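Please keep the viewer open as you read.

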Amino acid sequence: MKNTDNNILTTLRGYFLLAAADLALYPEGSPEHIRAEHSAANTSRTVFELFGAAAAEALREEAVQKWPKLGGIA
């Protein structure tokens with residue numbers, strides 16, 4: 001079961017980081033940016049619900065490290 005959890009978290013991490021990259025790439029207010037905001041928020045919420053606050057915060061911190069202008073990412 002632990003391996004399955006790691007696979008799920010790895011997949012969700014990828015989705016979150018792709019959404020964060022889109023947030024950094026597209027201008028605020030554009031349809032792509034809004035879609036990325038929703039994707040990042042939904043993925044973060046899923047990680048929080050399945051793996052807890054620490055895992056969700058680790059994802060957010062990783063995204064902010066890669067794209068510093070995302071300091072306010074939820």
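## Contacts along the sequence

Take the contacts between residues at least 6 apart in sequence: 62% of them join residues at least 24 apart. Do bear in mind that this is a predicted model.

## Overall fold

The chain contains three helices and zero strands, giving the pattern α-α-α when read along the sequence. With a radius of gyration of 12 Å, close to the 11 Å from the globule rule for 74 residues, the chain is therefore as compact as a globular protein of that length.

Along the principal axes, the C-alpha atoms fill a box of roughly 40 × 20 × 15 Å. The accessible surface is about 4,800 Å², and carbon and sulfur atoms account for 56% of that area. Of the 74 residues, 28% are buried.

## Helix H1

Helix H1 covers residues 2–25, 24 residues in total. From first C-alpha to last it reaches 34 Å, close to the 34 Å expected at 1.5 Å a residue.

Which residues of H1 are buried? They are Leu-12, Phe-16, Leu-17, Ala-19, Ala-20, Leu-23 and Ala-24. These buried residues pack against helix H2 (31–51) and helix H3 (53–66).

In soluble globular proteins, nonpolar side chains tend to be buried together. Here, the largest nonpolar core has 13 residues, and those with the most contacts inside it are Phe-16, Leu-17, Leu-23, Ala-40, Val-47, Leu-59 and Ala-63. H1, H2 and H3 are the elements that give two or more residues to this core, and H1 gives the most, with six residues.

Methods:
Residues are numbered from 1 along each chain as its sequence is written. This is a predicted model: local features need pLDDT of at least 70, side-chain atom pairs count only at pLDDT 80 or more; totals for chains, interfaces and linings use all residues. Side-chain values use heavy atoms; hydrogens and water are left out. Helices (H or I, at least four residues) and strands (E, at least two) are DSSP runs, numbered from the N terminus. The expected span of a helix is 1.5 Å times one less than its number of residues. Buried means under 20% relative accessible area, exposed over 50%, partly exposed in between (1.4 Å probe, protein chains only). Contact means heavy atoms within 4.5 Å. A nonpolar core is a set of buried Ala, Val, Leu, Ile, Met, Phe, Trp, Tyr and Cys residues joined through side-chain atoms within 4.5 Å. The radius of gyration is taken over C-alpha atoms; the globule rule is 2.2 Å times the number of residues to the power 0.38. Accessible areas come from the Shrake-Rupley method with a 1.4 Å probe; for residues, only the protein chains shown count as cover.
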